[in-house]
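Have it open while you read, as I go point by point.

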Amino acid sequence: MDTCTFISTPVTHLWSLPWPPPPPTLKGLSGLQVVGGDSLTITGSGFGDLACQVEVSVGEVSCSVTSASDTSVTCDLDDLDNLRSGAYLPITVKAINRGIAVTDIAGYSSEGRVVVVPQVSSLSPLEGSLGGSTLLTISGGGLQGLVASPVVLVGGQTCVVQSVSSTTVTCLTPPSTSATVATFTLTVASVPAKMDTLTFTYSEALTPVVTSMAVQGEEVTLSGHNFGSDNTKVTITLVQQSVPHGYREVPQEEEKEDLMVEEREEWWWWW
């Protein structure tokens, strides 16, 4: 028999029970800063004795109840896909047949709500080109803010965010002038993410180098090294650039036409 569905109360006790029963009361929380996967214990009264008859939410995210008594409820904050960080979130406790808990905490604004702290569990890849534009994938929880976007820094420079969810952020690394090990940080609404020490290494061995370029018709061939073997990850951009004014002396009339052609055919490339 499912005790959460069928609850038997001795008839002799019915007359001693208040009806309707008083609503549950929320009086305290085990922690005011939480990360994804944390257990949260809520103290109070009137919650009942069955975990399956109590529902808890943090903001709009469900907190899975693991145990309950009349004076405390414990739940796991494991809904990582919808966990937002960087803002105070109210706690809602609902006990079946008893209603939504009334919050009885004097300092509700500071002690009756929780802040989800972003957490980074992994970073991939851990090294890339000095030229930047390595696509980093950051995994964790609470990476998407309720009202703010994450700020990612590699070596103190902005890693340009490409996509964001509560569990994954991708960004393009900035360039570096030398091979070095760069620090990595992520913040949401100025709240730094909890993480082990993570770094990103700028490697010369992973930096593409172009030594020459050949153009034949519409085909462009670049020669060099460290291009990699996956052509889907290689992007080549050709930019037409004229010689700046004052770069050299103005030619005689008969040379101007040749110079204009030369300027149109002067190309630059970068990675």
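The points below run from the overall picture to a few individual residues.

1. **Ground rules.** This is a predicted model, so to speak of local features a pLDDT of at least 70 is needed, side-chain atom pairs count only at pLDDT 80 or more, and totals for chains, interfaces and linings use all residues. Residues are numbered from 1 along each chain as its sequence is written, and side-chain values use heavy atoms, with hydrogens and water left out.

2. **Overall make-up.** The chain has three helices and 26 strands (DSSP runs numbered from the N terminus: H or I of at least four residues for helices, E of at least two for strands). Of its 271 residues, 31% are buried (buried is under 20% relative accessible area, exposed is over 50%, partly exposed is in between; 1.4 Å probe, protein chains only). Take the contacts between residues at least 6 apart in sequence: 60% of them join residues at least 24 apart (contact means heavy atoms within 4.5 Å).

3. **Nonpolar cores.** The largest nonpolar core holds 23 residues (a core is a set of buried Ala, Val, Leu, Ile, Met, Phe, Trp, Tyr and Cys residues joined through side-chain atoms within 4.5 Å). Elements giving it two or more residues include β1 (25-29), β3 (39-45), β4 (54-58) and β11 (113-116). Ile-42 is among the residues with the most contacts inside this core; leaving out residues up to four places away in sequence, Ile-42 touches Leu-26, Val-56, Ile-91 and Val-93, among others. Another core, of 19 residues, lies apart from the largest one and includes Ile-138, Val-152, Cys-159 and Phe-200.

4. **Aromatic pair.** How many aromatic pairs are there? The count is one (Phe, Tyr and Trp rings, the six-membered one for Trp, with centres within 6.5 Å; planes under 30 degrees apart are stacked, over 60 edge-to-face, the rest tilted). Phe-200 and Tyr-202 make an edge-to-face pair, 5.1 Å centre to centre with 85° between the planes. Phe-200 is buried at 0% relative accessible area, and Tyr-202 is buried at 4%.

5. **Thr-173.** This residue sits in the loop between β19 (168-172) and β20 (181-188). Is Thr-173 buried or exposed? It counts as buried, at 5% relative accessibility. Beyond its neighbours within four places, Thr-173 contacts residues including Cys-159, Phe-200 and Tyr-202. Ser-133 is 40 residues from Thr-173 in sequence, yet their C-alphas are 4.9 Å apart.

6. **Salt bridge.** Arg-98 and Asp-70 form it, at 3.4 Å N to O. The partners are 28 residues apart, Arg-98 in the loop between β8 (88-95) and β9 (99-100), Asp-70 in the loop between β5 (61-68) and β6 (72-76). Arg-98 is partly exposed at 32%, and Asp-70 is also partly exposed, at 32%.

Methods:
Salt bridge = Lys/Arg side-chain N within 4 Å of Asp/Glu carboxyl O.
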